[in-house]
Amino acid sequence: MNTLEGSLSILKNPAILLYILKGVGFTLVISVIAVGIGILSGSVLALVRNYCNSGKSRIFKWMAVAYIEIFRNTPLLLWIFICLVFCPSPEFFTHKMLGLSSVEIKILFKAAVALILFTSSVIAEIVRGGLNSVAHGQFEAGHSQGFHIVQVMIYIVLPQAYRNIVPTLLSQVITTIKDSSYLANVATIELMARTKQLLSSAYNYNGLGTVNVSDVFVLFGFAALIYFIINFFLSSLVRYFQKQAA
Amino acid sequence: MAGIFSANAWEKVWVYRGTFLLGLSNTALTAIAALLLSLFLGIIFGLMATSGKKGLLFISRIYVEIIQNTPLILQLCFLYYALAFSKNSIGIIPTGMIAIGIYHGAYMAEVVRAGIQSIPKGQFEAAQSQGFHYVGQMYYIILPQSIKIILPPMVNQVVNLIKNTSCLYIIGGADLISLTYSFVTGASTGGAYAPAYIVSGLLFFIVCFPLSTVASIWENSLKKRDVKTNTLRDAGDERMVVE
């Protein structure tokens with residue numbers, strides 16, 4: 001009981017709560033950015049993979065196919081390691097900012113690039129599913145109205161495709177929030193890494209001088225609760241949209 | 001690009017090929033054990049969710065929601081450190097097998113549940129009226145019909161499971177990714193980044209690509225068949241209207 005009280009007192013420390021809260025902020029910002037950019041590049045990949053079927057443009061199709069399949073069939077952690085070594089980081093990301101050291105900012109940028117590359121390939125397949133769900137007659141109708149292929153895409157096909165995939169994209173946000181915890185492998189920035197960091201220095205804060213099992217339960221339980229609240233809210237939204245669509 | 005064209009670096013990878021094979025076999029071992037556990041949990045909780053009993057449904061919902069809404073790395077660390085600090089440590093790879101098995105069990109449960117729920121209620125009633133027991137009903141009537149709906153997403157889950165063995169790295173695992181990383185950063189072996197990452201990525205790709213391709217081809221052919229039956233049915237309806 002004594003150790004449990006000590007562990008709970010960790011969470012009463014405002015500095016630690018702020019530290020965790022910042023981690024939550026990083027988790028959310030990284031995930032939203034990854035999904036946002038992922039939607040843009042994923043849409044391009046999906047369009048290229050689906051519609052570059054004629055003549056010379058076919059080479060772009062095969063490039064898109066290769067990109068999607070390679071990223072889909074290898075683990076995210078591998079890409080994080082690869083980006084840490086090979087991804088160049090621009091001048092802007094080599095300074096101290098956001099309460100992180102310049103080294104951490106650099107790692108954050110590189111790992112975020114890996115997450116974005118990985119998420120793009122997943123979203124590309126989601127968008128492709130949306131494109132395939134648009135009835136073929138829509139294309140023909142668009143063409144018969146004198147629309148150019150680009151106009152058909154922008155005004156007719158893409159809006160319908162996106163509307164169909166709203167629930168899937170939202171659940172991809174959940175997946176990306178969970179995937180962002182892979183960043184804990186390389187730097188102490190987001191929620192998961194900060195929780196692990198706190199556990200290893202828990203003896204400083206629980207007033208007992210040792211790390212106990214109750215610290216594991218309290219710290220990881222607290223982090224799990226935060227993840228759960230965010231993701232459960234999102235998955236309830238997904239269910240709501242799915243009901244609307246049905 | 002550190003050493004992608006350097007024969008020296010490639011030679012180093014070849015000399016230490018045992019490291020990669022050890023990693024691959026550890027990853028495969030973890031994945032197979034985790035897969036068996038997740039199938040077991042998935043079938044149990046999937047059946048619980050479709051049993052129609054409120055209590056069982058509630059338990060399986062709680063399991064699925066808690067597991068699906070928190071990251072695997074968190075669950076793995078939780079399990080590992082809880083065991084370690086209570087002096088019950090069971091080793092890294094067994095911990096990974098259990099954590100990954102429990103995590104994917106929740107996804108398998110959802111797949112099984114969706115598959116069983118896609119079968120019209122009349123089938124259950126018909127089976128019951130023929131005097132089938134619960135097991136017989138599931139085995140002879142429901143399973144053969146739902147297996148084609150269950151298998152494609154299940155294969156996709158297997159691919160995810162194999163990729164997720166990489167999270168063992170955080171607790172100092174011996175899986176393919178972890179060993180690759182310690183190879184490229186090791187004092188005597190370090191430096192051959194590009195060849196080592198290419199080899200380990202390729203090993204993952206060789207295992208995962210056939211699985212995910214089979215799953216998506218399967219899914220598409222099912223979808224096409226669905227469309228065909230639907231249009232046939234619609235055509236039938238129209239004919240009736242005309243008549």
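A crossing of two helices is called left-handed if the near helix is turned anticlockwise from the far one by less than a right angle, and right-handed if it is turned clockwise. The model is a predicted one, in which local features need pLDDT of at least 70 and side-chain atom pairs count only at pLDDT 80 or more, while totals for chains, interfaces and linings use all residues. Residues are numbered from 1 along each chain as its sequence is written, and chains are lettered from A and ligands numbered from 1 in the order in which they are written.

**The two chains**

Helices (H or I, at least four residues) and strands (E, at least two) are DSSP runs, numbered from the N terminus. Chain A contains nine helices and zero strands, and its elements follow one another as α-α-α-α-α-α-α-α-α from the N terminus. Chain B likewise has nine helices and zero strands. Along the principal axes, the C-alpha atoms of chain A occupy a box of roughly 75 × 45 × 30 Å.

The table sets out burial and contacts for each chain. A residue is buried if 20 or more other C-beta atoms lie within 10 Å of its own, exposed if 12 or fewer, and partly exposed in between, with C-beta atoms placed from the backbone. Two residues are in contact if their C-beta atoms, placed in that way, lie within 7 Å.

**The contact between the chains**

Between the chains, 31 residues of chain B are in contact with 33 residues of chain A. On the side of chain B that touches chain A, at least two residues each come from α3 (54-68), α4 (72-85), α7 (134-164), α8 (176-185) and α9 (193-242) of chain B. The helix that gives the most to this side is α9(B), with nine residues. For classes of residue, Ala, Val, Leu, Ile, Met, Phe, Trp, Tyr, Cys and Pro count as nonpolar, Asp, Glu, Lys and Arg as charged, and the others, Gly among them, as polar. By these classes, the side of chain B that touches chain A has 22 nonpolar, seven polar and two charged residues.

**The nonpolar core**

A nonpolar core is a set of buried Ala, Val, Leu, Ile, Met, Phe, Trp, Tyr and Cys residues joined through C-beta atoms within 7 Å. The largest such core has 118 residues, of which A:Ile80, A:Ala111, A:Ala114, B:Ile73 and B:Cys77 touch the most other members. Helix α5 (residues 102-132) of chain A contributes the largest share of this core, 16 residues.

A:Ala111 lies in helix α5 of chain A. This residue counts as buried because 27 C-beta neighbours are found inside 10 Å. Apart from its neighbours within four places in sequence, A:Ala111 is in contact with A:Ile80, A:Cys83, A:Leu183, A:Val186 and A:Ala187. A:Val150 is 39 residues from A:Ala111 along the chain, and the C-alpha atoms of the two are separated by 34 Å.

Two packed helices are described by the angle between their axes and the distance between the axes. Axes are lines fitted to C-alpha atoms, for helices over the stretch in contact, and angles run from 0 to 180 degrees between N-to-C directions. Angles under 35 degrees count as roughly parallel, over 145 as roughly antiparallel, 65 to 115 as roughly perpendicular and the rest as oblique.

Helix α6 (residues 136-144) and helix α7 (residues 149-179) of chain A pack at about 160°, with axes 10 Å apart. The two helices, α6(A) and α7(A), are therefore roughly antiparallel to each other, and their crossing is right-handed. A:Gln138, A:Phe139, A:Gly142 and A:His143 make the contact from α6(A), and A:Val152, A:Ile156, A:Val157 and A:Gln160 from α7(A). This contact of α6(A) with α7(A) has four nonpolar, four polar and no charged residues.

Helix α2 (residues 14-51) of chain A packs against α5(A) at an angle of about 50°, with their axes 6 Å apart. That angle makes α2(A) oblique to α5(A). The crossing of α2(A) and α5(A) is right-handed, and their contact comprises 15 nonpolar, seven polar and two charged residues.

A:Gly36 belongs to helix α2 of chain A. With 12 C-beta neighbours inside 10 Å, A:Gly36 counts as exposed. A:Gly36 and A:Ile116 are 80 residues apart in sequence, yet their C-alpha atoms are 8.9 Å apart in space.
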